[in-house]
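Dear colleague,

I am handing over the structure we spoke about, and I would be grateful if you could look through it alongside the notes that follow.

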Amino acid sequence: MAKKIVIDAGHGGDDPGASGNGIIEKDKTLQISNYMYDKLRNLGFDVAITRTTDETINPTERVERILAPYGNESDVIVISNHINAGGLGCPCLGFRFKLGY
């Protein structure tokens, strides 16, 4: 069974997410998500994305955008991109993605 993929670019618009050293999370998650979307689409995957620009999406609208393309079926993979901030020794330091909602 072919999987369908929804990519969620975390944060956006009025919600910058983490920031430091000139890096703003919402910008990087959008860059990463657009890259993933293009690569997966070029490989022939059935893929959708929650945002392609820097816009504010409230939690309810984000879930609606995640569900809109394919619904809540078992063959849908949701990747929500976030870049965590923290000092050395922080278990949350670095990139992570979350499957499902």
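Two strands are said to pair if DSSP finds at least two bridges between them. Please keep in mind that this is a predicted model. With that in hand, strand β1 (residues 4-9) and strand β4 (residues 46-49) run parallel and are joined by four bridges, and within this pairing Val-6 has Ala-48 of β4 as its bridge partner. On β5, β1 pairs in the parallel sense as well, over six bridges, with Ile-79 of β5 as the bridge partner of Ile-7. Because five of the six residues of β1 are buried, this strand is largely enclosed by the rest of the structure.

The largest nonpolar core has eight residues, namely Ile-5, Ile-7, Met-36, Tyr-37, Leu-40, Val-47, Ile-49 and Ile-79. To this core β1, α1 (25-42) and β4 each supply at least two residues, and α1 gives the most, with three. Leaving aside residues up to four places away in sequence, Ile-49 touches Ile-7, Ser-33, Asn-34 and Tyr-37. A second, separate core has six residues, among them Ala-48, Tyr-70, Val-76 and Val-78.

Finally, a polar residue deserves a mention. Ser-80 lies in strand β5 (residues 76-84), and because its relative accessible area is 1%, under the 20% cut-off, it counts as buried. The side chain of Ser-80 makes a polar contact with the side chain of Asp-8 at 2.8 Å, and another with the side chain of His-82 at 3.2 Å.

With best wishes

Notes. Residues are numbered from 1 along each chain as its sequence is written. This is a predicted model: local features need pLDDT of at least 70, side-chain atom pairs count only at pLDDT 80 or more; totals for chains, interfaces and linings use all residues. Side-chain values use heavy atoms; hydrogens and water are left out. Buried means under 20% relative accessible area, exposed over 50%, partly exposed in between (1.4 Å probe, protein chains only). A polar contact is a pair of N or O atoms within 3.5 Å; within protein, one must be able to donate a hydrogen and the other to accept it, and residues adjacent in sequence count only if both atoms are side-chain atoms. A nonpolar core is a set of buried Ala, Val, Leu, Ile, Met, Phe, Trp, Tyr and Cys residues joined through side-chain atoms within 4.5 Å. Contact means heavy atoms within 4.5 Å.
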